[in-house]
Amino acid sequence: MARARDIPGLHAELSYREAAARTVAVRAQEVFEHAENVLDTSEIERVHDMRVASRRLRAVLEIYEPCFPRKALRDVLDDVKALADALGERRDPDVHLAAMEKLAATLPESLRPGVELLAERQRARQAAGNALLAPELEDMERTDLRGRLEALADAAEAAAG
């Protein structure tokens, strides 16, 4: 799992708004860093890392809520929540498939077809998760989520000013 990056220049003397601006900027960047190839089912850690990053971003948006314009925050937060939910739908079958692979390795050959049948169902769920996630990733680009997050951070920094 990708560790959360330290926030450069974050210290106790910063104003709440300055801390908000810096923290949101870094947490948003972490989400977008994991977006490349996130639909690749052979790279299950990427979806996990992006999901964790999206949850961290959601948390800091909620923590620093008073620092941002209300309407802009609501719209961004709704999009981050939808993205996190879609990432979760894709991640859950990944976890189950990994567990089934470990289990199958411990079972006698005669029992493995049953595990494979269950694994096929999880692969179908994985594909369905990707079908939910792909439009969220497209919306993220189409609605310029990155730019809107940068605008929130800029607004907090300007208000601190």
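**Close-up views of a helical model**

**View 1. Helix H4 from end to end.** Helix H4 covers residues 112–142, and its 31 residues reach 44 Å from the first C-alpha to the last, close to the 45 Å expected at 1.5 Å a residue. Please keep in mind, here and in the views that follow, that this is a predicted model.

**View 2. The buried residues of H4.** Which residues of H4 are buried? They are Val-115, Ala-119, Gln-122, Gln-126, Gly-129, Asn-130, Leu-133, Leu-137 and Met-140.

**View 3. H3 packed with H4.** Two packed helices are described by the angle between their axes and the distance between the axes. For H3 and H4, the axes come within 8 Å and cross at roughly 160 degrees. Angles over 145 degrees count as roughly antiparallel, so H3 is roughly antiparallel to H4. The crossing in which H3 passes H4 is left-handed. Sorted by class, the residues in this contact of H3 with H4 are 17 nonpolar, five polar and eight charged.

**View 4. H2 packed with H3.** Here helix H2 (residues 44–63) meets helix H3 (residues 70–106), with an angle of about 150 degrees and axes 9 Å apart. That angle makes H2 roughly antiparallel to H3. H2 also makes a left-handed crossing as it passes H3. The contact of H2 with H3 brings together twelve nonpolar, three polar and nine charged residues.

**View 5. Helix H5 and its partners.** The 16 residues of H5 reach 23 Å from first C-alpha to last, close to the 22 Å expected at 1.5 Å a residue. Look within H5 for its buried residues, Leu-145, Gly-147, Leu-149, Leu-152, Ala-153 and Ala-156. What do the buried residues of H5 pack against? Their partners are H1, H2, H3 and H4.

**View 6. Glu-30 in helix H1.** Glu-30 belongs to H1, which spans residues 16–33. Is Glu-30 buried or exposed? Its relative accessibility is 4%, so Glu-30 counts as buried. Leaving aside neighbours within four places in sequence, Glu-30 is in contact with Arg-3, Ala-4, Arg-5, Ala-53 and Arg-56.

Key. Residues numbered from 1 in each chain as written. Predicted model: local features only at pLDDT ≥ 70, side-chain atom pairs only at ≥ 80, totals over all residues. Heavy atoms only, no water. Helix = DSSP H or I, 4+ residues; strand = E, 2+ residues; numbered from the N terminus. Buried < 20%, exposed > 50% of the residue type's maximum accessible area, 1.4 Å probe, protein only. Contact = heavy atoms within 4.5 Å. Axes fitted to C-alpha atoms, helices over the stretch in contact; angles between N-to-C directions. Parallel < 35°, antiparallel > 145°, perpendicular 65-115°, else oblique. Left-handed = near helix turned anticlockwise from the far one by under 90°. Nonpolar A, V, L, I, M, F, W, Y, C, P; charged D, E, K, R; others polar. Expected span 1.5 Å × (residues − 1).
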